[in-house]
Amino acid sequence: MKVSVSRRQLNTLCVFTIISVLLINVYNAFYVNAMQKQQIKNLESELAKAEGLIALKTDELANLNRMLEKQKKELEIEKENVRVDNLQLEDIKQPSVINYNNNKTMFLTFDDGPSSITPRVLDVLKEHGVNATFFVVGSFVDKYPGYVARAYREGNAVLPHSYSHDYSIYSTLDTFYEDLSKARESIEKVLGTDLPPFFRFPGGAANQVSYAYGGKDIMYLITEDVKKQGYHYIEWNVCAGDTTEYRNNKKKLISNVLDGCKDRDLVVALFHDIAQNTAMLEVLPEIITALKEQGYKFKTFNQLNQEEMDNMMKLGIVDMEIKKPK
Ligand SMILES: [Zn+2]
């Protein structure tokens, strides 16, 4: 059978073929394009995920760094506390006898409170009929105003130590005064009275933790300036060592104080009113009893007279001179 294809049919077939090829190309173009778009989309979402992960890891790293920094700072402060305590214990070997009209006078001082043990410290003082001076932390005064009010009501002195007790207060003169004013205000608000111009530096006037914040001469600058402003800063000449490694060694706490008082008529003894000092709390009655037997009369910095003030200045207990670093 002869198949005859007309010219017209052939034309139609050609056109059809061309259109088909075109359609296939167009379809392919669209399909490939869509595929590529999807792939790009997938890649983009993976990238976003990866970026999110990186941000998360960066955050974690920053947090870790912050924690490390904080621990480093706490360690520095702890080290400084031990250094100050040890320094003070070494000081005990130095002669510092003042013939004080045969009056033996004891100024008990408690730093860093108020704390959860303050009521028990106050109980001991009350039971023994003696008073002490509390160099308090303003932020804790806000937390335990009742303890501070009670301490004052019962005849104790409450004076500023710091508001934050953060060594960054030693960055500049301004940061120092800002903190001191805040501490004074928090105490005056609770006591309802103006404070005398006494305070105690966190870490003492000779602390070196301040170097990291305000440089090596910051304590020289601050100590000189506060004196010009009419303030007096109080150091100590006997130290219980209750922030040292011996803080739980009751015998050592007792001997630190009693040995430190040998040949000293005028004593400012440093204790710490902090929650973990339960050993100090337990030996406090024994220490007070022994000091009474040795003839000490107990006073607070609200009762300081001019003669005591002059003698404390001679001994470097009040306004101890900080040398200008070379
Ligand atoms: Zn302190």
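The model is predicted, and local features need pLDDT of at least 70, side-chain atom pairs count only at pLDDT 80 or more, and totals for chains, interfaces and linings use all residues. Residues are numbered from 1 along each chain as its sequence is written.

Helices (H or I, at least four residues) and strands (E, at least two) are DSSP runs, numbered from the N terminus. The buried residues of α4 are Tyr147, Val148 and Ala151; a residue is buried if 20 or more other C-beta atoms lie within 10 Å of its own, exposed if 12 or fewer, and partly exposed in between, with C-beta atoms placed from the backbone. Seen down the axis of α4, these buried residues fall within an arc of 95 degrees, so they line one face of the helix. The arc is that of the directions from the helix axis to the C-beta atoms. On the face turned away from the buried side, α4 carries the exposed residues Gly146 and Arg153. The buried residues pack against α2, β2 (133-137), α3 (138-143), β3 (157-162) and α5 (173-191), where contact requires C-beta atoms, placed from the backbone, within 7 Å.

Helix α2 (residues 118-127) has the buried residues Thr118, Val121, Leu122 and Leu125. They cover an arc of only 100 degrees around the axis, which puts them on the same side of α2. Their packing partners are β1 (104-111), α4 (145-153) and α9 (278-293). Gly129 follows α2 and has a positive phi, near 65 degrees.

The loop between β1 and α2 holds both Asp112 and Pro114. Most residues other than glycine have a negative phi, and most peptide bonds are trans. Asp112, although not a glycine, has a positive phi of about 75 degrees, and it counts as buried, with 23 C-beta neighbours inside 10 Å. The peptide bond from Gly113 to Pro114 is cis, with omega near -5 degrees. Both Gly113 and Pro114 are among the residues that Val136 touches, as are Val148 and Ile187.

Val136 and Ala269 touch the most other members of the largest nonpolar core, which has 65 residues. Such a core is a set of buried Ala, Val, Leu, Ile, Met, Phe, Trp, Tyr and Cys residues joined through C-beta atoms within 7 Å. Strand β7 (residues 266-272) gives the most to this core, with six residues. In the loop between α8 and β7 lies Asp263, which has a positive phi of about 65 degrees although it is not a glycine. With 10 C-beta neighbours inside 10 Å, Asp263 counts as exposed.

The axes of helix α8 (residues 250-261) and α9 come within 9 Å and cross at roughly 35 degrees. The contact includes Leu253 and Val257 of α8 and Val283 and Ile287 of α9. Axes are lines fitted to C-alpha atoms, for helices over the stretch in contact, and angles run from 0 to 180 degrees between N-to-C directions.

The chain as a whole has ten helices and eight strands. Its radius of gyration, taken over C-alpha atoms, is 37 Å, well over the 20 Å that the globule rule (2.2 Å times the number of residues to the power 0.38) gives for 326 residues, so the chain is more spread out than a compact globule. Its C-alpha atoms fill a box of roughly 150 × 45 × 40 Å, taken along the principal axes. Ile18, in helix α1 (residues 7-91), is exposed, with 10 other C-beta atoms within 10 Å. The C-alpha atoms of Ile18 and Phe201 are separated by 96 Å.

Conventions
Contact = placed C-beta atoms within 7 Å. Lists of a residue's contacts leave out its neighbours within four places in sequence.
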